Amino acid sequence: MAEGTVRYTGSAGGFGSVKGMAKVARRERPIAGALTTLAHQNKTEGYMCSSCAWGKPASPHTFEFCENGAKATLWDLTRDRCTPDFFAQHTVSALRGWEDYDLEMTGRLTHPLRYDAASDTYVPCDWDEAFAGIAAALRPLPPKSVVFYASGKASLETSYLYALLARRFGNNNLPDSSNMCHETTSVGLKKVIGSPVGTCKLEDFESCDCILYFGQNPGTNSPRFLHPLQLAAQRGCKIIVFNPIREVGLIRFINPQNPMQMLTQHPTPLAHQYLQVRPGGDIAAIMGMAKRVLERDAIAQAAGEPRVLDQDFLDQHTHDWDAFRTQAEATGWNAIERESGLKRGDLEAAADVYCDAERTIAVYGMGITQHVHGTKSIGMIVNLMLMRGNIGQKGAGMCPVRGHSNVQGQRTVGISEKPELVPLDKIAEQFGFEPPRDTGHTTVEVCEGVVDGSVKALVSLGGNLVRAVPDHRAVEEPWMEQALTVFVATKLNRSHLIHGKVSYLLPCLARPEADVQASGPQAVTIEDSFSCIHGSWGKRPPASPHLKSEVAIVAGIAEALGYTSDKLRWDEWTADYALIRDEIAETYPELFHDFNARMWQPGGFYKGNKARERIWLTESGKAEFTVPESLSALGVGDALGRFHLVTLRSNDQFNTTIYGHDDRLRGIHGTRMVLLISPRDMAEHGLRRGELVSLIGDAGDNVERRVEGLAVTPFDLPDGCVAGYYPELNPLVPLWYHDKDSKTPAAKGVPVRIERASKGAGV
């Protein structure tokens, strides 16, 4: 740990986690029954957390929720209400000056609202008026000019109907939050192993010997993951971490459900080796490990010992192995050390752990996916795993950690801009209309369409899209030139204030709330990161009698558009969600057969994964080795005075939802406007702790991008790397700066320069 850096001296979990939950509970003053919801959270026939997509075990802990999951639930079940009276007192223009946190702190939305241009306010309207107004605004628009965005939280039932609505309207413009984070996985993994999702099950963590952990922070983003990591470390599994930032959640953990650990405050060490790779340096780091694996294999052969490579697997199951092996052997260590920022000895030590392990899991997150060459990084991880046959066996495999609670499931049931991923012939037969066959917009393409005027309307099923996208200043002004914006939401956020000429704000039930329709109480389903499907009951009373479920809102828009027929039975589906699940099972019989009968299976029912069975749905019919053209995943290289920015979430945050202004696990309190930088870089550039500076975009496109008022904060980072919070630093990410194959914004390696406020000059 560098001397003088800001840091958290405690452990992940422990009393800090308990205090974090208690702080939100005091502030939100949750309704009666909120604690009962937490007691049943992520348990069979209980409520499935609306925060992250981590797996739900068949045998849950007493408290199967984490700090962030509890915050999300209490946030939903607040007593605070954002009523029409609030909007009567505040113009939309004035609200644009509020902070994100303050907007959401106004509480739950209670009534459907319509934007009134004359008063510059949202005014109440009834549901029939809202649906009729939305339909009237949509009808004249060219189908390809309308976008149906989904945030990743909506249930499988809602998502299926939403995708159906978009295709009946006439487009595949169905981007979702995956486009912003893990679309690189969907594209990259599918190309090399034939599966767009991870190959692991939750129980694989019980038998792995090694975990290679790339660019993901469980302490902040998926705290329930800390339990299997702790158990793995305790039984001798070695965890090797590759991350520019030293995260407490990968170093030490105190289990809040272990009374002895809580009493003694003696943490479990997690990382066996922690390698602070440069931003974008994972390709080089993995190449170094691959070289060592080849060397170890040659040594073993010379000594007549068992081989390190799984040659039988390579011969039977892989394609282009020779091309990758040739490149690995030819790549020099000087280049590997330069691009990775790591020492040869450290990489060889990590590779030795991998070579000595029988079963390895590769975990990764957005530190891998959000780069210009993120797809290549995923390919490199797969290369390493294939060398020893670590895909398609128990206790081993690929484990991308997804974000939103149902972002993977939404793709499964049809929310995709890629028509080739959806059984359109079956949908045509099932519902009696011809769905469009052309490719729709990704989220980046939506923004490009807003800027050039080709996108004329947005329907947003949850989320805070305008705040989440890159290049805010380029996007926000033209966003308001759209003919229509429709926002389905539980709370007010900034996107609702960047509205079209006609705009509706439609309040929906939150997942913990009771959803009662004509046939009685309704359950919904979600898919976790491990491809398991779970049922979820909401039991708490709705925040307002004027709320509708997301299913009812999607159906209401469809009916107002006149899309009802004997095969499009929106009323019947709204009355009984089991009928929607029957439709899903008919569209996807292999994945969802007997859906209603299986939805309450403990631990969820597994939808299957061919790559786990070593059936490779690739062009060659085998798992593909790839040969990266560069050792760096960055899109813009090094230059004098240039830094590479990594955007982060705090542990008081989930995506764009800000629960508070502290980041306990990094030792930062009371502000989000910080610039994390190594003490060495501070000294070299004459920066003082607490000095206010600006970050200036340095992508070379002659467009000024700037974020001001960032306090210089010494932090343990690699040289040439700076870090700060998302979404505050999103304006520095050019819209065109994204993964080449998936168009996922490259927010983990943004080229920037530092400008000192006092001198108005770069450092």
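A polar contact is a pair of N or O atoms within 3.5 Å; within protein, one atom must be able to donate a hydrogen and the other to accept it, and residues adjacent in sequence count only if both atoms are side-chain atoms. The structure is a predicted model, in which local features need pLDDT of at least 70 and side-chain atom pairs count only at pLDDT 80 or more, while totals for chains, interfaces and linings use all residues. Residues are numbered from 1 along each chain as its sequence is written, and side-chain values use heavy atoms, with hydrogens and water left out.

Such a contact, at 2.8 Å, joins the side chains of Glu28 and Thr78. Glu28 belongs to helix 1 (residues 14–28); helices (H or I, at least four residues) and strands (E, at least two) are DSSP runs, numbered from the N terminus. Glu28 counts as buried because its relative accessibility is 1%, where buried means under 20% relative accessible area, exposed over 50% and partly exposed in between (1.4 Å probe, protein chains only). Contact is taken as heavy atoms within 4.5 Å. Apart from neighbours within four places in sequence, Glu28 is in contact with Leu74, Trp75, Thr78, Arg79, Asp80, Met105 and Lys491.

Gln410, in helix 20 (residues 407–412), is buried with a relative accessible area of 0%. The side chain of Gln410 makes a polar contact of 3.4 Å with the side chain of Ser159. A polar atom of the Gln410 side chain also lies 3.4 Å from the backbone nitrogen of Gly152. With neighbours within four places in sequence left aside, the residues in contact with Gln410 include Ala150, Ser151, Lys153, Asp176 and Ile415.

Thr744 is placed in the loop between strand 30 (721–725) and strand 31 (750–756). Thr744 is counted as buried because its relative accessibility is 0%. The side chains of Thr744 and Ser742 make a polar contact of 2.9 Å. Beyond neighbours within four places in sequence, Thr744 is in contact with Asn179, Met180, Cys181, Glu183, Thr184, Thr369, Gln370, His738 and Asp739.

Two open sheets are described next. Strands of a sheet pair through backbone hydrogen bonds, either parallel or antiparallel. Two strands are taken as paired if DSSP finds at least two bridges between them. Strand 4 (residues 113–116) and strand 5 run antiparallel and are joined by four bridges, with Arg114 having Val123 as its bridge partner in strand 5. The hairpin of these strands has four residues between them, and Asp120 takes a positive phi near 55° there.

The other open sheet consists of five strands in the order 11-8-7-13-14, paired in parallel. Its edge strands, strand 11 (271–275) and strand 14 (397–400), each pair on one side only. Strand 7 (residues 210–214) and strand 13 (residues 360–364) are paired over five bridges in the parallel sense, and Ile211 stands opposite Ile361 in strand 13. Helix 17 (residues 344–356) lies across strand 7, strand 8 (238–242), strand 11 and strand 13, at about 145° to strand 11.

The structure holds 29 aromatic pairs. Rings of Phe, Tyr and Trp (its six-membered ring) pair if their centres lie within 6.5 Å; planes under 30 degrees apart count as stacked, over 60 as edge-to-face and the rest as tilted. Phe86 and Phe87 form an edge-to-face pair, 5.3 Å centre to centre with 85° between the planes. Both Phe86 and Phe87 are buried. The ring centres of Phe148 and Phe169 are 5.8 Å apart and the planes are at 65°, so this pair is edge-to-face. Phe148 lies in strand 6 and Phe169 in helix 8 (residues 156–169), so the pair ties together parts 21 residues apart in sequence. Ring pairs also link Trp54, Phe205, Tyr213, Phe225 and Phe530 into a cluster.

Conventions: Axes fitted to C-alpha atoms, helices over the stretch in contact; angles between N-to-C directions.
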